[in-house]
Amino acid sequence: MAEETIYDVAIIGAGPAGLTAGLYCGRANLSTIVFGDPFDSQLAKAGDVENYPGFDSIHGIVLAEKFSKGLEKYKITTVINYVGRISRRDDRFVLSTDVGEFQAKSVIVSTGSKHRELNIPGEKDYLYRGVSYCAVCDGSFYKGKTVAMIGYGDQAASAAIYLAGLAKHVTVLTSKPDVESPIYSEQLKSLGNVEVIGGAKVLAIEGNEFAERIRFKENGGEEMSLRIDGIFIEGGVPNSVLANDLGLDLDKKGNIAVDRPDMTTKVEGVFAAGDVTGGLHQISKAVGEGACAAVSAAIFIKRKFKGKPR
């Protein structure tokens, strides 16, 4: 074992949800270990953040540093390595990493999600220079401009509706016959400044200093070019691989199923928070869920292990 200590709580993930959970666990006087690198999170890789309360604008990596520093006043163990596997041993969890095994009485999974990348020419070249993976985060930069939304399903449709309230015109490019959103499709079609192009295969993003156009084919036809000021690629893939080790339920999109607001899962002693639980992918939402998960973990520890030696 890398550590003989059996921690009260192990937090997997060092983004806003995980670091907030760590802060609340520390305040609850729980022995806590956090796995992950705060500076490898989506927050740290973001550009300017303009929708987090308390800041007119703050760079993502600066905000990640502030989250991380908040843990320093508490005796919280941090392990930069990532958890590769989790197993159960009696009434505790064993977390395996490249530097050994660690034990805990409860687990908070806050592993986040990763962007659904198109893997096309120009996508990475124009990231934060006209290409964004978050309409709610960056839509305000494109007020009165012409933008494109690439994606399908409820998340993409909801993002397109949000952009329609800001941009002059929104073109939705979807690989499906239509946007395929039972919840938002009718509302989307009713908007006068939104055009949906189904059967679209996006080929490349081009421009000079900033992204200026998208090359695509519609239903396998001739290649077309669309002039834009901004491009939003919507859709996330939850990092829920460890859920299999824990026997957790997942929804149809692969998000960990939780009972809100307690953030409990079907497995006693396991909680989840942040983007890995689905819903709105926002820092403020992750922070709130991280706090709720930590409070639930504290209640669980004190109820089940009260009076038991560490």
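View 1. Glutamate 212 is partly exposed, with a relative accessible area of 21%; here buried means under 20% relative accessible area, exposed over 50%, and partly exposed in between, using a 1.4 Å probe and protein chains only. This is a predicted model, where local features need pLDDT of at least 70, side-chain atom pairs count only at pLDDT 80 or more, and totals for chains, interfaces and linings use all residues. Residues are numbered from 1 along each chain as its sequence is written, and side-chain values use heavy atoms, with hydrogens and water left out. The side chain of glutamate 212 meets that of arginine 227 in a salt bridge, at 3.9 Å from N to O; the term covers a side-chain nitrogen of Lys or Arg within 4 Å of a carboxyl oxygen of Asp or Glu. This pair ties together distant parts of the chain, with arginine 227 in strand S16 (residues 223-227) and glutamate 212 in strand S15 (residues 211-218), 15 residues apart. Strands are DSSP runs of E with at least two residues, helices are runs of H or I with at least four, and both are numbered from the N terminus. Arginine 227 counts as exposed, at 56% relative accessibility.

View 2. Within it, glutamate 206 bridges to arginine 213, with the closest N and O atoms 3.1 Å apart. Both ends get the partly exposed label: glutamate 206 at 23% relative accessibility, arginine 213 at 25%.

**View 3. The salt bridge of glutamate 72 and lysine 69.** The count for the structure comes to 12 salt bridges, and this one has its N and O at 3.9 Å. Glutamate 72 is exposed, at 59% relative accessible area, while lysine 69 is partly exposed, at 46%.

**View 4. Phenylalanine 35 against phenylalanine 102.** There are six aromatic pairs in the structure; to pair, rings of Phe, Tyr and Trp (its six-membered ring) need centres within 6.5 Å, and planes under 30 degrees apart count as stacked, over 60 as edge-to-face and the rest as tilted. Here the ring centres are 5.4 Å apart and the planes sit at 75 degrees, so phenylalanine 35 and phenylalanine 102 go down as edge-to-face. The pair links distant parts of the chain, from strand S2 (residues 32-35) for phenylalanine 35 to strand S8 (residues 100-109) for phenylalanine 102, 67 residues apart. Phenylalanine 35 is buried at 1% relative accessibility, and phenylalanine 102 is buried at 5%.

**View 5. Phenylalanine 271 against phenylalanine 300.** With centres 6.2 Å apart and planes at 65 degrees, the rings of phenylalanine 271 and phenylalanine 300 are edge-to-face. Phenylalanine 271 belongs to strand S19 (residues 270-272) and phenylalanine 300 to helix H8 (residues 283-304), so this pair links distant parts of the chain, 29 residues apart. Phenylalanine 271 and phenylalanine 300 are both buried.

**View 6. Serine 240 in its loop.** Serine 240 lies between strand S18 (236-238) and helix H7 (242-246). At 10% relative accessibility, serine 240 counts as buried. Skipping neighbours within four places in sequence, serine 240 is in contact (heavy atoms within 4.5 Å) with Leu250, Gly254, Ile256 and Val276.
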